[in-house]
Each structure stands twice: as structure tokens, then as C-alpha cells.
Amino acid sequence: MSENTTITSNQIIKAVESLKDLRPVYGTILDFYGQIFVAQEDSKSKLHIDPIQISEEMLSIKAEDNFPLINISEFAIDAKEAGDLLITICDIVKKAGGDMVSTNQTVLKAIEAGKLDQKELFASLLNEDDAFFENTATELKIEKKALAFIAYSSLKPSLSMCAEQLSANLNKDKPWGKGYCPICGSPPGLSMFQGEGERFLFCGFCWHKWASSRIFCPFCENTDAKTLNYLYSEDEKEYRIDLCDKCKKYIKNIDKRKTDRIIYPPLEQVATLHLDIKAKEIKYESGIDLA
Ligand SMILES: [Zn+2]
Ligand SMILES: [Zn+2]
């Protein structure tokens, strides 16, 4: 079990508050995501997902060839609960105000009018059916990214629960050693140091956490210390940006040992947008799609 499975709504709220004290400029964005994350964790406790079964033979083939356990399209989800969460998320967006309100109202109306089928929306996200998002966004006159955000945010509890169930099939004694997620094959969205300084990566899609070498670029598997650098600021001792000069990609890293705050990785991800800006200024690209 990864540790972010046990976080309570209260802990998320505390994490939001301590980050807001540190970085008041993020106040609005932290309040917004804080509510989304609380809604997601609440939703997770209501999910009904039958664990995906993978035969021993298939498991050993996958382990041998370093294949992830499933493809994104194979995630088991609770579409009913994801649909309920979608309504809650639209409500949070409405209360927050801002650019996405009209998108959300349009999405809700389209669902009510039967013009947009939630199940199809979720299936299209998992099948990476870009044409569906393109067409639906055009038809409803909304932003494609906003539609994808709503769909992904509603599915996230299902994705992480399915990943947790599947993680029981991973070999605990053999380090994964790859830069992509052992569960779903997606690139990592965040890196973390903890304990004695061991490094872990978090999947940018299902948030599965896996152990990784420290001198290692997860995007091109570069292990040459001379071309792996990082940016660091004394003002924010718990963060650094790991840079790879081979593929010119970066990943944000949080050092858990350097802070007493409650660390909820998805929140750290959104509270560090200034690091993304910094990395882009010096011409490095994110290893994941930043919506
Ligand atoms: Zn994953
Ligand atoms: Zn690289």
C-alpha cells in the first residue's frame, strides 16, 4: 500500500493550510485543489472495484520484459461513483468561480440533456481517444483541456484504487528500475526523497509510487551523473528540480526530510507551478503533460 492511501480529509486540509502559510500567493489555487482532493479521497472510500486478475504466467512474462501490469485502457473503474464525483467537482468549480465555471455548467447541462454520456466520457479518457475530446469540446463550445480535467479528476480515485489493488502483484524484492510506472506505463509526475534519502517516483496518471535510483532520468534512463543536474534554492529547501541534459526534460522533487509539513503529493504538484516556470525558462520540458 502506498502511504497516500491512508491520508484523511483532515490531513489534506492541514496540508493546504500549511502550504498557504508558506506561499500565500497560491491561496486560491490551493483552496480549489484542496477541495477537489478532499472530494476525491471521500469518493475513494465509496468505490466498488473488482480487482483485475492477472495470471501467474502473464505476471512472469510482464516482469521478465519490464512491461507494466496493464495499459491505461484496462483500468477498472467505478463509473457510477466517478459520475457522482463529477457532479461534486463541477459544484466545487462553480463555487470557486473563474474561467472554468461556464465549461462546467455546459458539461452538466449536456449530461442532463443526454448529449454527453458520462460512461463514454470516462471510456474515451482511458482509451486516449483524443478525437472524442476534440469533437465534444467543439460541439459544446468548451475547452478540450477543461473537459479532460473534469473527466480525469472524476476518475482519479478509481485509477489510484485500481493501481493499489494491482500493486499486490508487483515483485517487492526486485526494484522496478524503469522510468515508467510499473502499473500503467505512464511517466512519473513527481519525485520524492524520504527515509535515508531513498528516491521514489509517482506516476503522473495513477499516482502509484515506486522506488527509483537517485542518479537516473526517468524519461530517457540516463544514469550519467555529469549530465544529470538540479536546480535548488535556499528559500525552499524541500524542493529541487532535477534536470536531464540528455533529453532536456525535468522532474520536480520534494525532499520529505527537509520539512515537517504533511506531504500530499498531488497538492505539492500544484503548489510548485513556479518551479515549472523556472524549468521552462531555462528550456527544459516537463516529462508529463501539464494540463
Ligand atoms: Zn501509473
Ligand atoms: Zn533524460
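**Exercise 1.** Which residues in α4 meet which residues in α8?

*Solution.* The model is a predicted one.

Step 1. Locate the two helices: α4 covers residues 79–96 and α8 covers residues 144–167.

Step 2. List the residues on each side. From α4 come Ala82, Leu85, Leu86, Ile89 and Cys90. Their counterparts in α8 are Ile150, Ser153, Ser154, Leu155, Pro157 and Ser158.

Step 3. Sort the residues of this contact by class: 8 are nonpolar, 3 are polar and none is charged.

**Exercise 2.** State how the axes of α4 and α8 are arranged, and name the class of their angle.

*Solution.* Step 1. The axes of α4 and α8 come within 9 Å and cross at roughly 130°.

Step 1. Compare this angle with the cut-offs: 65 to 115 degrees is roughly perpendicular, over 145 is roughly antiparallel, and under 35 is roughly parallel. A crossing of roughly 130° therefore makes α4 oblique to α8.

**Exercise 3.** Describe the packing of α5 against α8.

*Solution.* Step 1. Helix α5 spans residues 100–112, and its axis is 10 Å from that of α8. The angle between α5 and α8 is about 65°.

Step 1. Assign the class. Angles of 65 to 115 degrees count as roughly perpendicular, so α5 and α8 are roughly perpendicular to each other. The crossing of α5 and α8 is right-handed.

Step 2. Name the residues. α5 contributes Met100, Thr103, Asn104 and Val107, while α8 contributes Ala146, Leu147 and Ile150.

Step 3. Sort them: the contact of α5 with α8 has 5 nonpolar residues, 2 polar ones and no charged ones.

**Exercise 4.** How many bridges join β2 to β3, and do the strands run parallel or antiparallel?

*Solution.* Step 1. Strand β2 (residues 198–203) and strand β3 (residues 209–212) are joined by 4 bridges and run antiparallel.

Step 1. Take one pair as an example: Arg199 has Ser212 in β3 as its bridge partner.

Step 2. Look at the connection. With 5 residues between them, β2 and β3 form a hairpin. In the turn, Trp207 has a positive phi of about 65°.

Key. Residues are numbered from 1 along each chain as its sequence is written. Chains are lettered from A and ligands numbered from 1 in the order in which they are written. This is a predicted model: local features need pLDDT of at least 70, side-chain atom pairs count only at pLDDT 80 or more; totals for chains, interfaces and linings use all residues. Axes are lines fitted to C-alpha atoms, for helices over the stretch in contact, and angles run from 0 to 180 degrees between N-to-C directions. Two residues are in contact if their C-beta atoms, placed from the backbone, lie within 7 Å. Ala, Val, Leu, Ile, Met, Phe, Trp, Tyr, Cys and Pro count as nonpolar, Asp, Glu, Lys and Arg as charged, and the others, Gly among them, as polar. Two strands pair if DSSP finds at least two bridges between them. A crossing is left-handed if the near helix is turned anticlockwise from the far one by less than a right angle, and right-handed if clockwise.
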